[in-house]
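Please look at the sequence and the structure before reading the points below.

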Amino acid sequence: MAGSESKAAKDLTAMMETTMQQLQSRFQNLSDQIISKMDDMGTRIDDLEKNVADLMTQAGTEDRHKPNDFEERTSWPKH
């Protein structure tokens, strides 16, 4: 009896180790995917900011948005 209980305990331990390794692998894969998507989003946001700045430069509005522009302006331009 003791031998079969010992084998059952070893089998259970081996099964649990395998399950934990599989879980760790899945979590690592998910973590890698999330980090990759966040990096992609950061790049896309940087590109978007650059495009907006380029559009503002092309439109000639970069001089209208100075830090103290609100205090200096007596009236707002009509569009």
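A helix is here a DSSP run of type H or I with at least four residues, and helices are numbered from the N terminus. The model is predicted. The chain contains 2 helices and 0 strands, and a search of the whole structure finds 2 salt bridges.

**Overall composition and surface**
- The chain has 79 residues, and buried residues make up 3% of them.

**Salt bridge between Lys 7 and Asp 11**
- Lys 7 forms a salt bridge with Asp 11, with 3.0 Å between the closest N and O atoms.
- Helix H1 covers residues 2-59, and Lys 7 and Asp 11 are separated by about one helical turn because they lie 4 residues apart in this helix.
- Lys 7 counts as exposed because its relative accessibility is 52%, and the cut-off for exposed is over 50%.
- Asp 11 has a relative accessibility of 42% and therefore counts as partly exposed.

**Salt bridge between Lys 50 and Asp 54**
- The side chains of Lys 50 and Asp 54 meet in a salt bridge, at 2.9 Å from N to O.
- Lys 50 and Asp 54 are 4 residues apart in helix H1, so about one helical turn separates them.
- Asp 54 has a relative accessible area of 32% and is partly exposed, since that class lies between the buried limit of under 20% and the exposed limit of over 50%.

Notes. Residues are numbered from 1 along each chain as its sequence is written. This is a predicted model: local features need pLDDT of at least 70, side-chain atom pairs count only at pLDDT 80 or more; totals for chains, interfaces and linings use all residues. Side-chain values use heavy atoms; hydrogens and water are left out. Buried means under 20% relative accessible area, exposed over 50%, partly exposed in between (1.4 Å probe, protein chains only). A salt bridge is a side-chain nitrogen of Lys or Arg within 4 Å of a carboxyl oxygen of Asp or Glu.
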